[in-house]
Amino acid sequence: MSLDRVMGEGFFTTTIDALMKWGRSNAVWPMPMGLACCAIEMMAFAGPKYDAARFGSEVFRFSPRQSDVMIVAGWCTYKMSHAIRRVWDQMPDPKWCIAMGACASTGGMHRCYGVVQGVDNFLPVDVYISGCPPRPESVINAILKIQDKIREEQSLELDY
Amino acid sequence: MKSDITASLLQQIRNFLGNDLYDIYEEYPYPLIRINTDRLHETCRFLKEKLHFIYLNDVFGTDRFTSEDRFEVIYHLISLRDQQRFFLKVYVDEESPTLPTVTDIWKSANWNEREVYDMFGIRFHGHPDLRRMFLPEDFKYFPLRKEFPLLGVPGSLELPNTTPDHE
């Protein structure tokens with residue numbers, strides 16, 4: 001006896017894990033940490049031309065408590081790093097991080113004493129985007145990478 | 001080609017300073033002079049009160065990296081009446097890098113002098129609030145000096161704690 005005959009029509013069966021992955025990966029709301037010119041490309045990413053709404057990421061949450069992925073867009077000074085880490089710590093788990101552009105990934109052309117040489121010095125970065133600044137397509141690509149990552153990892157921790 | 005206003009300006013400066021006017025750099029489009037450090041304050045007062053340079057645009061330092069007269073501080077002045085720019089330059093020694101403040105003449109010099117102190121360690125005698133401008137107050141180095149390493153001294157600027165409070 002198959003399950004659909006038990007439950008009748010209009011039902012399907014799946015695992016809770018797959019359902020949660022499906023939900024999470026299609027509503028990755030970004031926390032915009034716009035620090036420099038990359039932020040302009042990040043805005044274009046959310047705007048109508050590139051239309052991040054196709055991937056469920058159009059809602060820029062300006063509160064860390066409502067967001068899932070932090071996009072660090074631009075170069076980060078030592079002074080700013082404390083504020084970024086504070087915002088990051090306020091984001092609820094599970095959370096992901098995108099280092100957007102050369103400066104956020106490695107320090108880029110700002111090779112000097114006041115700029116952190118890559119935000120991975122104090123944040124767990126999941127996806128790095130190259131470019132100076134990257135085009136909005138690259139940011140969409142990064143969001144898709146994050147979605148792949150969400151679908152691959154286990155969303156539930158079961159206490160056996 | 002220098003205008004008549006510039007020429008008369010330089011003549012008045014020459015009359016005021018005499019032998020304490022060390023150099024006039026002719027190759028620049030705006031008048032740039034170097035004067036005796038001891039007469040900096042009274043020259044600034046003269047420039048403001050007699051020659052109407054009421055607007056101090058900028059104060060900045062440079063490190064020449066020479067054994068004597070290592071630093072120089074440059075004052076960028078503007079006369080709105082004459083539509084004229086003017087640059088004034090003094091040399092500062094490395095042993096005791098101290099200059100008289102000009103905050104009593106132009107109030108806008110306050111933050112500019114703090115920045116020069118922050119970057120080069122040049123102290124301004126008589127400044128009302130000589131603290132660091134951009135860097136933390138316990139920072140021990142002066143980053144625009146030539147001997148300061150490009151990427152800074154490791155550990156001198158703090159990174160945030162990467163362990164959240166609840167873990």
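In this model, the buried residues of helix α3 of chain B are covered by elements that include β3 (55–63), β4 (71–79) and β7 (123–125) of chain B; contact here means that two C-beta atoms, placed from the backbone, lie within 7 Å. Helices (H or I, at least four residues) and strands (E, at least two) are DSSP runs, numbered from the N terminus. The model is predicted, with local features needing pLDDT of at least 70 and side-chain atom pairs counting only at pLDDT 80 or more, while totals for chains, interfaces and linings use all residues. Residues are numbered from 1 along each chain as its sequence is written, and chains are lettered from A and ligands numbered from 1 in the order in which they are written.

**Helix α3 of chain B**

- The buried residues of α3(B) are Ala109(B), Asn112(B), Glu113(B), Arg114(B), Val116(B), Tyr117(B), Met119(B) and Phe120(B), where buried means 20 or more other C-beta atoms within 10 Å of the residue's own, exposed means 12 or fewer, and partly exposed lies in between.
- The twelve residues of α3(B), 109–120, should span 16 Å at 1.5 Å a residue, and the end C-alpha atoms are 16 Å apart, which agrees; the expected span is 1.5 Å times one less than the number of residues.
- Just after α3(B), Gly121(B) adopts a positive phi of about 80°.
- α3(B) lies across β3 and β4 of chain B and runs at about 5° to β3(B), with angles taken from 0 to 180 degrees between the N-to-C directions of axes fitted to C-alpha atoms, for helices over the stretch in contact.

**The sheet of chain B**

- Five strands of chain B form an open sheet of mixed pairing in the order β1-β2-β5-β4-β3, two strands being paired if DSSP finds at least two bridges between them.
- The edge strands are β1 (21–24) and β3 of chain B, each of which pairs on one side only.
- β4(B) and β5(B), the latter covering residues 84–92, run antiparallel and are joined by nine bridges; Val73(B) has Val90(B) in β5(B) as its bridge partner.
- Helix α2 of chain B (residues 40–49) packs on the sheet, touching β2 (32–35), β4 and β5 of chain B, and its direction makes about 175° with that of β5(B).

- Chain A has six helices and four strands, which follow the pattern α-α-β-α-β-α-β-α-β-α along the sequence.
- Of the 160 residues of chain A, 32% count as buried.
- The contact takes eleven residues from chain A and nine residues from chain B.
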